[in-house]
Amino acid sequence: MGHVVRMLWLAQSLTARGLAVEMLLRGEPEAAAMIRQAGFPVQAYSAGASAVVTVERYLDQPGPQPSVWVNDCLTVSPSVHAALQRRAIPIVSLDDEGRGLSRLDLVVNAMPAFWQEALPTGAQMYQGPEYMILNPLVKVYHDRPRPIRTRPSQAVVTLGGSDPHGVIFNVLRALATMPSALEWHVFVGPLFAHRRALDRWQKRLAGQVCLRWHDGQSEVIPTFAQADVAICASGHTLFEMLSVGTPVLAIANARHEIVNGRYFASLGACHFLGLHTAVTPGRIGQAVRQLLADPTQRARLSQRGQSYIDGRGAERVTELLERLARRPVSARRVVEAVEQQAHAAAPTGPTAREDGHPGVLLCDRLEPLMRLSRRHGLSQARFIVLSETSEHAAIRGWLRERLGAEELPYVELSRARRQAFQPRYIEFIGRFNRTHRSPFWLAMPFTAKSMLSTGLCRNTFQFLLIVELLQTSDRPLIVITHNRTMADQVVLWARVQPRWVCNAVRGRSVLKRLFKRFTPLAILVAMIRTSVVWVLSRRFRLDGDRWRDATIVVTTFPNSSIQLPVYREAYFGSLPASLTQHGQRVVLFALYAERALSHILALRRVSQGLPVVPQEAYLTWPDLLACGVRALIQWMKRFPYREPVQIDGISVDVLVEREIAESCQSRSLFWHLCIAAAARRLGQRLAPARCLYPFENRAWEKMFLIGLREASPHTETIGYQHTVFTFAHTNLFFGEGEARLTPLPNCILTAGEVTKQRLEEHGRYPDGLLRLGCALYQRQPQSLERRTSRPVQLTNLLVALSNDREEYVRVLQFLREALADLHGYQIRLRPNPGLGVRLLEEALATVRHPAGGRYDVSRTSLPEDLRWAHVVLYASSSVALAALSHGIPVIFVDVGKFLDPDPCLAMHDLKWAVDEPSALHPTLRRIAALPDEMFELQQRRALAYVERYFPAPTEARLQAFRQAEDARDPDVAEAAADARPEAGLTTVA
């Protein structure tokens, strides 16, 4: 209902300017009646009707075409925009998070912190709560003085037009405990579905609480303006409350409302109680009583709310629409319309099979592609390039110039599907983890869902994309990829379908693949290396009596490292030393993922006050033999899964079987079994009181917990979620019911409030498991002073890169295309230290830049680079947070990864986003043209955001790492105990 109401206010404003308005409505006949009653024409269609068909039928009606098309819904299909483009109609979207944003003319995003997409190409962007369309009366009451009564007398309750979850009943339970002198005004919307239950509550509270019930809308704003406190949903009504200065307790009725509540709460404009599922009557009553008793706090909330929203959003949006409606149709829009009409009318051409079904050809080399294209007659084919290499670039050129094939943009297709794919994949792996609950299953890396440790996530996405492309068109498809596993899965799927298929993918490292498949060489080499390290590590084993009940801090190499003569801790910073100062005996337990032998030799010469003990020190010879035998047995028989391997009804047997085979053929399974055995021996000998480890929900962590808890079930385990949070970190998410069956620590301390909120909202963690920690090593360089102003000209662009080869190539391609517009700019590339330098060299060899390209490679430290930079560009790097903390603007370069890699989630101050090279220069100009007052305001907000993301390690925050007891509720602790290995997971060596 909020969308309909605000469109009525906008329609009134447009009509006052002399513009005709007509509305197209989906479902809700009550809303259609409301529109007609307001005097505006409306065409309604059923909720189950196709949106694009309805739009096309509307546009095919006789009469003039619309001058402007305004979408006011949270998701818009790209096909709807395509239908409008064919008629050269300018398109405007309000608060749109859908996938039809590629060809808009104007975007008005009033929802703060809601925008999660890159700015569409060619679109103008207007963002902020000042563009929220509100009741005209709001502006009147906003301009009036707002007194704050020391003795409150009136309060308001409104949970939206429909309140679909019945949140009002929790509020009514809380009202029964409120002071009787308070008069409560309860507003119920026209679509409220729980009338009978509400009638029972009216009778129950009659004479007990002073309630006034309202069904109309005429007295809404005046009542809001007179209220001393209000309880409302954090949608459209929240903006009205803040604008008239009402102190608000906000509750999210839907997940997309959470960002509104948190945003305004972070600004000090309201109190946000959370999503409706987590809000109890007790919490509501306590919050209301505290707010009623504190007039100073109510005055602060009132002042803050009115300072951010002035009620003039309808006027601003009307001016934008009027300007767009009277603007002549651009040449670009006419050309796009003609091209789309021609494409829609063009015949698809013959397919490569007589029965008319499309086929697919998969290839990674040019010579066989040329031969096969002649054989199959692919003159009307489409093609898609799934990976960027120099050879694939040559194939792309040949397909375009010689074959005349149409390229399907993989980057845009990935960007449009990643939001829907991510939860599907998490639920897919979560279901398998619930079914195959055993130590052997959890020891395989792909079960952690991390896209960094296995290729299953990427393979699944690319396979589903190819299936979708084949199912939605009757033209042949050419797939350019070197991924042999994914190609084999496409072949198996196509053979079941009435389609021809040809697989000419040779893949990489054929000899290595054959060795892995037919010999246990990797496992035998891992056994030999581990045996050598075991011999050298025995001298580091600690005396069990002296170190009993110690605190174990687990770390991994080479993330932590030895820089002679000292040891550098990568995850916990100075925490081990701090624990020692507070009387705890600390042991550093080191897991060596790479170069174990060299680190063991260097460890002998480390001048370290705390003992650093390699995991192999606590292995025994029988442990090594048992782990090796178990790994060899699994290599021979693989892991039999017990259910069909399907995602959305599409079989992915080949992908999962190959991933299981890769886990069993490589050293990873053997290494994880050794970790479980070492943890079990550690628990037997030291019986540690507490154990801290870096939490990323990886396979080795689960094996470590299984082994430790079998030998020392009373050891308190604490996981430290130390990294940034992005939706690409799929290992941090659980499927439905998966967390209950997963070995997890007693509690998880997050690096900051931002990550904690995101994990609680999206991760499906047990209640009470997540607790707020602090940033132990992520604090940004203190030697760099925060900027209080900006340079006159923004010419120095620092490009921060992570450790992903695909990202390096695509960012360089992005810069190559953008260089034509970037006259006068200096571009400096900053690769991730270590592995990133080699990846950058490989990417530079793949992407040929023009001679004398205007960029260089960083050779200095991060503080020096940030001191030099005027703007920081990033695709996934956490350097963006360092830049924001020092007042430097950042631009998110969306290179079309199939999972969203942006670590600055819901951050919109001092941050911009681009997804096309042509949009970079206009974005830089917008930053330069930003008024100084707005720029300084965004700097302050950005700093506050980073401080919430990575709070400083104060004494109070470090106390969470030192506490020895489980601070959660007994019910939560009991529920978490059910997920521990005592419920059926046992050590395997």
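Does Phe961, at 0% relative accessibility, count as buried or exposed? At that value Phe961 counts as buried. The report below treats this residue together with its ring partner, after an account of the fold as a whole.

## Overall architecture

The structure is a predicted model. The protein has 989 residues, of which 58% count as buried. Its secondary structure comprises 37 helices and 34 strands. Among contacts in the protein with a separation of 6 or more, 75% are accounted for by residues 24 or more positions apart.

## Aromatic pairs

The count of aromatic pairs comes to 26. One of them joins Phe421 and Phe461 in an edge-to-face arrangement, with 5.2 Å centre to centre and 70° between the planes. Phe421 belongs to helix α17 (residues 410-435) and Phe461 to helix α19 (residues 456-471), so this pair ties together parts that are 40 residues apart in sequence. Both Phe421 and Phe461 are buried.

A second example is the pair of Tyr720 and Phe961, which is also edge-to-face, at 5.3 Å centre to centre and 75° between the planes. Here the pair ties together parts 241 residues apart in sequence, because Tyr720 lies in strand β26 (residues 716-721) and Phe961 in helix α36 (residues 955-962). Tyr720 has 1% relative accessibility and therefore counts as buried, and Phe961 is buried at 0%.

Arginine side chains are placed over aromatic rings at two sites described here. The charged end of Arg828 sits over the ring of Trp868, 4.1 Å from its centre. The charged end of Arg541 sits over the ring of Tyr618, with 6.0 Å to the ring centre.

## Packing of α22 against α24

Two packed helices are described by the angle between their axes and the distance between the axes. For helix α22 (residues 521-537) and helix α24 (residues 596-603), the axes come within 10 Å and cross at roughly 10°. This crossing angle makes α22 roughly parallel to α24.

On the α22 side, the contact is made by Val532, Val533, Leu536 and Ser537, and on the α24 side by Ala596, Leu597, Ile600 and Leu601. By class, the contact has seven nonpolar residues, one polar residue and no charged residues.

Helix α29 (residues 753-762) is largely enclosed by the rest of the structure, because seven of its ten residues are buried. These buried residues are Val754, Thr755, Lys756, Gln757, Arg758, Leu759 and Glu761.

The buried residues of α29 pack against helices α10 (258-266) and α35 (932-949), and against strands β26, β27 (747-750) and β28 (770-772). Strand β26 is the element that holds Tyr720. After α29 comes Arg764, whose phi is positive, near 60°.

Val244 lies in helix α9 (residues 236-244). With 2% relative accessibility, Val244 counts as buried. Leaving aside neighbours within four places in sequence, Val244 is in contact with Val138, Tyr141, Arg146, Ile221, Phe224, Ala225 and Gln306. The C-alpha atoms of Val244 and Gln303 are separated by 9.6 Å, and these two residues are 59 residues apart along the chain.

Technical notes: Residues numbered from 1 in each chain as written. Predicted model: local features only at pLDDT ≥ 70, side-chain atom pairs only at ≥ 80, totals over all residues. Heavy atoms only, no water. Phe/Tyr/Trp six-rings, centres within 6.5 Å; stacked < 30°, edge-to-face > 60°. Helix = DSSP H or I, 4+ residues; strand = E, 2+ residues; numbered from the N terminus. Buried < 20%, exposed > 50% of the residue type's maximum accessible area, 1.4 Å probe, protein only. Lys NZ or Arg CZ within 6 Å of the ring centre and 35° of its normal. Axes fitted to C-alpha atoms, helices over the stretch in contact; angles between N-to-C directions. Parallel < 35°, antiparallel > 145°, perpendicular 65-115°, else oblique. Contact = heavy atoms within 4.5 Å. Nonpolar A, V, L, I, M, F, W, Y, C, P; charged D, E, K, R; others polar.
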